[in-house]
Amino acid sequence: MPEEYLKYLQSLNDRQREAACTDISTPLMIVAGPGSGKTSTMVGRVLMLLNEGISPSKILAMTFTTAAASEMRERIGSIAGKTTAKELTISTFHSFSLQLCRSHGEKLGRTSEFFIYGQGQQRNAIIEAIRLLENEKSGNKNGALLMGDLSNGLKDPKQFKDKAKKWQKFVAQAKASGRTSAEYRAMGNEIGAEILENYNNILKSCNALDYHDLISCSVMLLSEFPEVLKECQDSWKAIVIDEFQDTSGMQYKFLKILASHHKITIVGDDDQSIYSFNGADISGFRSFRNDFPNYKEIRLNKNYRSTRCIVEAASSLIQNNSKRCQLKNVLTDNSSGSKIVMKECHSEDAQCAFVVDKILEISSNHSADNCCFGNIAILYRRQVSGKAFQMAFRDRKIPFNIHGVAFYRRKVVRTIIAMLRTTLPDCDDGSYSRVFKALLPLEKDKTMKIIDHINKISTIRKCSFVSAAFDIFSAKISGTFKSELTHGRKVLMTLEMISKHIQREKSISAVITSVANMIPEKYLLEQRAITDVDGGTFLNEDYDIRSVLQYLLDDVSEFLSTKLVEVKGEREISEDKGCTFVLKAFIDYLFECERKNFRDRRRDNENSVTLTTIHQAKGLEWDVVFIVKANDSEIPLLHNFKGTLKDTAALVEEERRLLYVAMTRARQKLFILHVLMDSNWQMLQPSRFLKEIPHHLIEIQGEINLQELQIKQEALQKELTHCTTDLLVKERQSEADEVPMPHEILNNHGSETSNELAQFAEANNGNDFLRRFSVE
Ligand code: ATP
Ligand code: MG
C-alpha cells in the first residue's frame, strides 16, 4: 500500500479504520453522529478501493452538495495524487442523473438538450394540468361533480393558489416516491392520477424534465433499458455515498440497481435528516439492511469536532425525538469548553449589534480566542434573516461570505444568464421576455405594454415569444410606434449578435463580457439604486456591473478548472468543446447550485465570516457558531402548516434535527440567540427546543426587563399608527408599480411568489400564464 494511504489510514481511529478496511465486496453501512469522522472514513474507504486495484474511473462517490464533492476530491487528491482524484467520479445525485438523462434523452422522449423546470415552471405546468383536466371534465355530469372543488378554486385566487400549491406538492411527492398515475388510479385517486398524467405530458411536450424526474428517469433508464444498465454497471465497480439519511426512496432505488455488485458503502446519521420536504426518507437504512443482507454495520461514537459541552447539549436535545432509528451514544475526549451562550435580544437589530460586537471582540488580537473571521459562522433558518447581518457587516467592515445563490438571484445576473440562454436551442420564453425587459430603453410602463403585446400575439398565433416579437418588430414602421419598433428591432439585432458571437468565440469569458456590456446603462442604474430611510438614493456598490461581471467570470473560470462532467467520454469540460457546450454545462451547474441552494464553498474568501442557512451548513464546521433568531416562529417553522397532528409532530421532530445539525457545526463556541419582537412589534417566543438544553450547559447573557420592553413596545406602536398612513399609501403605490411579469414569477422561487402567482393568474384569467403550453 502506498505510504500516503497508510499514513491516512493510521490517522483514523480503530473503528474508522475497521470500516475503511472492510473487505470491499461487503456492503458497508457506517452510522454515526455528527463530527465522528464519517466523511473522513469515507475518504479512507475510497483509498482502500483504489488500493484493491479498482480503477479510479470505476469508483462513484455520491455526496450531497457540489461543495462536498469538490472538497472530497481535494482531500483524496492530497493523498492519492491529483491525477487519480481527477479520474474519480465524485458527484451529487442530481448532477449524475442529469448527465445520464442527457446521454439518453431520446429514450425519455426528449432531446439531449431538454430543459430542467424549476419551481416556477413546475407550478405553471401544474396550473395547465388542472385546466386541462377541468376542460376534459366539463359537460360531463360526473366529471363536473368530481371537479367541483377544483373549479371553485380556479375562480378564487386564494383557493387557486392553495390548489396549485397542493397539487404541486402532490406531484413532487408522487415523483419522489416513484408512484405512477396507474397506481393512484388503482388507489381510487382519479384526480391525482389525471393531474400527474397531464403534468407529465405537458413536460414532455415542452421537452422538459423537472428536478424529481432526473432521478426517476434515471431509474427508468436502468430498469427498462438493459444496455444502459450494462453500460452503468460496467462503468461503476464500487459506490460510496455520504449523507445517506437524505436519500429519497427513488434515489435509493437507483443506487440499489446500480450496486448489484454489492460493492457499496453508505455513510449517514438519521438524526441529521433534514430534507424530508424533498422526499428524503430515512427508511433507506432499513431497506439497505434488507436488500444487502450480508452487510456490515459499523458505528462510530467519538465526536472529534466539538467541545464536550456542545456534544452533551446537542445529545440532550435530540433525545427528545421519539422517532429515531438508531440510538447513538456520542462521546468525546475533547475538553468541556465554555458554556453555550444563550442570549435574548429585544429586536433583530439588537441581535445583529450583539453578534457584530461579539465577532469583533473574539477576532481581535487581544482576545484570548483570537479567532479569525473564516472560523466564524452565522446560521439561520431562513435566508431572509441574513440580510440585517450583511448590512451590519458592511458598515463595520467585517468581510463575509454568503452561502447560497443570492448572487444568481440578482436581476442583473439573471438578465446576463437569460441573454446567454437565448443562444441555446429551445430557449424558453421567460428568458426572452426578461431580455426584452432589460434591453428596451423605454419607460417601465411602455416596456410592460410591449411585452404584454408580444405575449398576446404569441398566444393568438400559438407561437413562441421570440417569433411573435420578430413578427411585431419586423412590421413596416409607421408613425405612432416608430420608436418602439426601432428599439424592438435593436433588441432582436442584439440577440442575433450574441448568437453569432457565441458561435465564433472560443472563450466563454469573452462572450459573457460582451453580453454584460450590451446591457443599457439605464437598466444597470435602476438595479443599483437603493432608497434609504430618508428617501435619498444611493448606488449599491455590490451591484456595480464590473463587480458583478468579475464575480461571474471568477465562477466560470473556477467551474472550468474544477468541475468535471461525470459521464464517460466527456469527463472534462474544456473550452475546446466550444462555447455552446461550455455554456450549457455551466447553466446546468447553476441549476444544480440553485436546486441545492448552494454555491461552491471553495470560492469563499477564507478569512470571511460565513452567513448561511442551517440546511446549507450540513457537513461543515466552524470554531465559533452563532445560531440566530432561534424563535418558535423560525425553529420550528410551522407557518401556515395545515397538516394532521401526526404530520405536525413529524415536522417538529425534523425541526429539532435541524437545530441539532446547527448546534453540532460548532467546534469551540456556540451562541444561540432569540429575539423578543419582530419588525412589526409582535412578541415572539423563544424556540420551544431551547428549554430542552440542560441548564448547567448554558450561560444566559443579558436578560431583558420584560416590563421595560412592554412600555417601549406600546410607545412604538402608538408612534407607528400615527406616522404610517402616508408610508403605507406610498408603499402600496410602489407595490402596484411592481406588477410582476409571468416570467418574473416563473423565474422566482419559494412560497413568497405564490401570492403573486395567484394574483397574476387572476388578473389575466390564467391565459397569458398558460399560453406557453399551447401547442405550436
Ligand atoms: P457530519 O456528521 O457533520 O458530516 P462527520 O461525521 O462527517 O460529520 P467529519 O467531518 O469527517 O465528521 O469529521 C469531523 C472533524 O473531526 C473533522 O475536523 C475531522 O478532521 C476530525 N476527525 C475525524 N476523525 C478523526 C480522527 N480519527 N482523529 C482526529 N480528528 C478526526
Ligand atoms: Mg460528514
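**Helix packing and a buried arginine**

Colleague: At what angle do helix α23 and helix α24 pack?

Modeller: This is a predicted model, where local features need pLDDT of at least 70, side-chain atom pairs count only at pLDDT 80 or more, and totals for chains, interfaces and linings use all residues. Residues are numbered from 1 along each chain as its sequence is written, and chains are lettered from A and ligands numbered from 1 in the order in which they are written. The axes (lines fitted to C-alpha atoms, for helices over the stretch in contact) of α23 (residues 465-473) and α24 (residues 482-504) lie 9 Å apart. Helices here are DSSP runs of H or I, at least four residues, and strands are runs of E, at least two, numbered from the N terminus; with angles running from 0 to 180 degrees between N-to-C directions, the packing angle is about 135°.

Colleague: Which class does that angle put α23 in, relative to α24?

Modeller: Under 35 degrees counts as roughly parallel, over 145 as roughly antiparallel, and 65 to 115 as roughly perpendicular; the rest is oblique. The angle is about 135°. Therefore α23 is oblique to α24.

Colleague: Is Arg305 buried or exposed?

Modeller: Arg305 sits in the loop between β8 (296-300) and α16 (308-318). A residue is buried if 20 or more other C-beta atoms, placed from the backbone, lie within 10 Å of its own, exposed if 12 or fewer, and partly exposed in between. Arg305 has 20 other C-beta atoms within 10 Å, so Arg305 is buried.

Colleague: How far apart in space are Arg305 and Thr664?

Modeller: In sequence they are 359 residues apart. C-alpha to C-alpha, the distance between Arg305 and Thr664 is 8.1 Å.
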